Amino acid sequence: MFIDTHAHLTFPEYKIDLAEVISRAKHANLEAIINIALDEQALSESLKLAEENPGYIYNAYGLHPQDASTWQESIAHKIRALAKEKKIVAIGETGLDFYYKLSPVEKQAEVFRQFLHLAQELDLPAVIHSRDAARETMRILHEENRGKLKGVFHCFSGDLDLAGEALDLGFLISFTGNITFPKADKIRESAKMIPLDRIMIETDCPFLAPQDYRGKRNEPAYVVNVAEKIAEIRNLSVEEVAMNTAKNARKLFNL
Ligand code: NI
């Protein structure tokens with residue numbers, strides 16, 4: 001019923017009990033998980049995970065903007081090979097993070113552009129991470145769009161204006177556990193207004209556990225809390241939110 005469109009299952013937080021984490025996701029009625037691998041080690045573990053859980057765990061591969069300095073041309077070759085074998089359903093996450101700036105801003109932008117080229121070349125959606133960099137992210141997306149760009153603004157925390165611009169570009173918007181935080185009125189306002197056929201849900205686990213589990217390790221099963229909050233805001237049933245967001249995810253990621 002639910003699809004967690006952004007999880008990091010190969011993080012050390014799951015070393016001990018990943019099988020139980022996946023089993024809890026199944027019991028919570030998750031029908032699929034998009035796992036995001038952000039380095040070579042994570043990728044090889046992720047590919048194994050997908051093999052062990054066919055039709056349930058799918059992978060995306062990219063570099064977090066924080067790690068843009070580690071870009072190598074071999075990453076592009078790897079992505080082309082993976083796409084050919086249908087072993088990834090998206091490119092990312094990629095984008096800009098001007099909050100931490102762990103990689104120089106120019107390098108982040110350069111690598112972001114490379115990934116957007118690749119996404120269009122391979123007809124794959126891009127998973128966009130944008131933090132404190134909304135204007136610049138939009139500018140690059142517009143400059144690199146050759147009419148084939150598609151994807152999702154993951155962990156959306158912008159305002160309605162930004163949501164509108166993302167929708168105009170054809171992108172979807174994905175909400176995470178921070179939509180349940182008491183101070184997240186701005187995020188909830190966006191979640192109320194965005195058309196239901198353009199919304200997805202995610203955990204971004206192990207980060208951003210919803211309010212009920214705040215400060216603890218997050219996991220895919222908690223995506224249900226995100227759906228519940230959106231249902232409450234929009235006066236819909238949880239089932240309606242689950243079915244629509246899952247349908248949007250299947251379409252975007254071609255599951
Ligand atoms: Ni992430």
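Donors are N, O and S atoms within 2.8 Å of the metal (3.2 Å for Na, K and Ca), and water is not among the atoms, so sites may look incomplete. In sequence, the donor residues of the nickel ion follow the spacing H-x1-H-x84-E-x110-D. This is a predicted model, in which local features need pLDDT of at least 70 and side-chain atom pairs count only at pLDDT 80 or more, while totals for chains, interfaces and linings use all residues. Residues are numbered from 1 along each chain as its sequence is written, and side-chain values use heavy atoms, with hydrogens and water left out.

**Nickel site**

- His-6 (NE2), His-8 (NE2), Glu-93 (OE) and Asp-204 (OD) coordinate the nickel ion at 2.1 to 2.5 Å.
- The 4 donor atoms subtend angles of 83 to 175°, which makes the arrangement irregular. Four donors count as tetrahedral if all angles lie between 85 and 135 degrees; four count as square planar and six as octahedral if opposite donors are over 155 degrees apart and all others between 65 and 115; anything else is irregular.
- His-8 lies in the loop between strand E1 (2-7) and helix H1 (18-27), and Glu-93 lies in strand E4, 85 residues apart. Helices (H or I, at least four residues) and strands (E, at least two) are DSSP runs, numbered from the N terminus.
- Both His-8 and Glu-93 are buried. Buried means under 20% relative accessible area, exposed over 50%, and partly exposed in between (1.4 Å probe, protein chains only).

**Strand E3 and its neighbours**

- In strand E3 (residues 57-61), 5 of 5 residues are buried. Ile-57, Asn-59 and Tyr-61 are on one side, and Tyr-58 and Ala-60 are on the other.
- Strand E2 (residues 30-37) pairs with E3 in the parallel sense over 5 bridges; two strands pair if DSSP finds at least two bridges between them. Asn-59 in E3 is the bridge partner of Asn-35.
- E3 and strand E4 (residues 90-97) run parallel and are joined by 2 bridges. Tyr-61 stands opposite Ile-91 in E4.

**Helix H9**

- The 16 residues of helix H9 (residues 238-253) should span 22 Å at 1.5 Å a residue, and the end C-alpha atoms are 22 Å apart, which agrees. The expected span is 1.5 Å times one less than the number of residues.
- The buried residues of H9 include Val-241, Thr-245, Ala-249 and Leu-252.
- On the other side of H9, Met-243, Lys-247 and Lys-251 are exposed.
- Asn-254, which follows H9, has a positive phi, near 55°.
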